[in-house]
Amino acid sequence: MNNAQDKWLGGKLAEHCVTQLIKHRFDAHLVQTPQAAVQMILGMIEPFDRIGFGGSDTIRSLGIQDLLKDKGKRLFDHNEPGLPFETSLDYRKKQASCDCFLCSANALSLTGEIVNVDGVGNRTNAMTFGPGKVIIVAGVNKITADLESAVRRVREVAAPMRAKSLGVDTPCALTGRCTDCNAPMRICNVTSILHRKPMMTDISVLVINETLGY
């Protein structure tokens with residue numbers, strides 16, 4: 001956010017988005033700063049021991065992994081630097097049955113939907129069923145007008161930026177434009193739309209009034 005007007009407008013969009021998410025049975029919260037989000041997350045996570053992480057620049061920017069390690073929590077973070085492939089794969093599988101799973105969203109709509117697109121599917125899997133608690137964290141830059149624009153945001157913004165950050169060999173990582181490719185390293189293979197809170201999954205959504213992630 002560059003100025004007070006950006007912060008004001010972001011807050012208003014976030015308020016509306018949170019209201020719609022609550023109507024859709026999500027435990028949704030507007031949080032003004034990343035620091036406040038960290039404190040809320042730590043409170044939510046306290047009862048849990050085994051914590052899974054979806055690949056998320058937003059979550060990593062909060063520094064929550066180091067804080068949880070200091071508390072003695074067991075982390076299943078497949079993006080931890082230096083992990084052998086076998087361990088990374090094992091962590092992805094264990095995310096589906098961990099006590100608490102943290103991830104972000106590729107897009108949130110003002111009509112109350114949560115949209116994610118995965119290359120592997122461990123995030124979309126774990127955030128819908130399995131973990132005892134799911135926490136989704138997203139900046140206001142992820143908010144779009146409706147479901148159609150949320151899906152479009154993934155193609156036009158989130159996927160090219162994520163592909164570029166990962167250094168994968170896809171057309172969008174080179175041109176910045178989605179071509180609906182068939183590249184072997186394509187990261188858009190599984191689409192998940194949470195229209196409402198899944199019946200047997202406790203999901204909290206923290207919308208931070210700042211620009212975070214892709």
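1. Second largest pocket, lining. In this predicted model, the second largest pocket is lined by Val-115, Val-117, Val-151, Val-154, Arg-155, Ala-159, Cys-178, Arg-186, Cys-188, Asn-189, Val-190 and Thr-191. E6, H7 and E9 each give two or more residues to this lining. H7 has the largest share, with four residues.

2. The space in the second largest pocket is about 160 Å³. Its lining has eight nonpolar, two polar and two charged residues.

3. Largest pocket, volume and centre. The largest pocket holds about 700 Å³ of space. Its lining counts 33 residues. Gly-55, Gly-119, Arg-162, Leu-166 and Ile-187 lie nearest the centre.

4. Largest pocket, sources. At least two lining residues come from each of helix H3 (57–61), E6, helix H6 (122–126) and H7. H7 gives the largest share here, five residues. By class, the lining of the largest pocket splits into 13 nonpolar, 13 polar and seven charged residues.

5. The sheet. Four strands make an open, mixed sheet, ordered E8-E5-E6-E9. Strands E8 (143–144) and E9 (190–194) are at the edges; each has a single partner strand, so one side of each lacks a neighbour in the sheet.

6. The E5–E6 pair. E5 (residues 107–109) and E6 (residues 114–118) run antiparallel, paired over two bridges. Ala-107 sits opposite Val-115 of E6.

7. Helix on sheet. H7 (residues 147–166) packs on the sheet and touches E5, E6, E8 and E9. The direction of H7 makes about 30° with that of E6.

Technical notes. Residues are numbered from 1 along each chain as its sequence is written. This is a predicted model: local features need pLDDT of at least 70, side-chain atom pairs count only at pLDDT 80 or more; totals for chains, interfaces and linings use all residues. Side-chain values use heavy atoms; hydrogens and water are left out. Two strands pair if DSSP finds at least two bridges between them. Contact means heavy atoms within 4.5 Å. Axes are lines fitted to C-alpha atoms, for helices over the stretch in contact, and angles run from 0 to 180 degrees between N-to-C directions. On a 1 Å grid over the protein atoms alone, a cavity is a set of points where a 1.4 Å probe fits but cannot get out, and a pocket is an open set with protein on both sides within 12 Å along at least five of seven lines; lining residues have an atom within 4 Å of a point. Grid points are joined across faces, edges and corners, and a volume is the space filled by probe spheres set on the points. Ala, Val, Leu, Ile, Met, Phe, Trp, Tyr, Cys and Pro count as nonpolar, Asp, Glu, Lys and Arg as charged, and the others, Gly among them, as polar.
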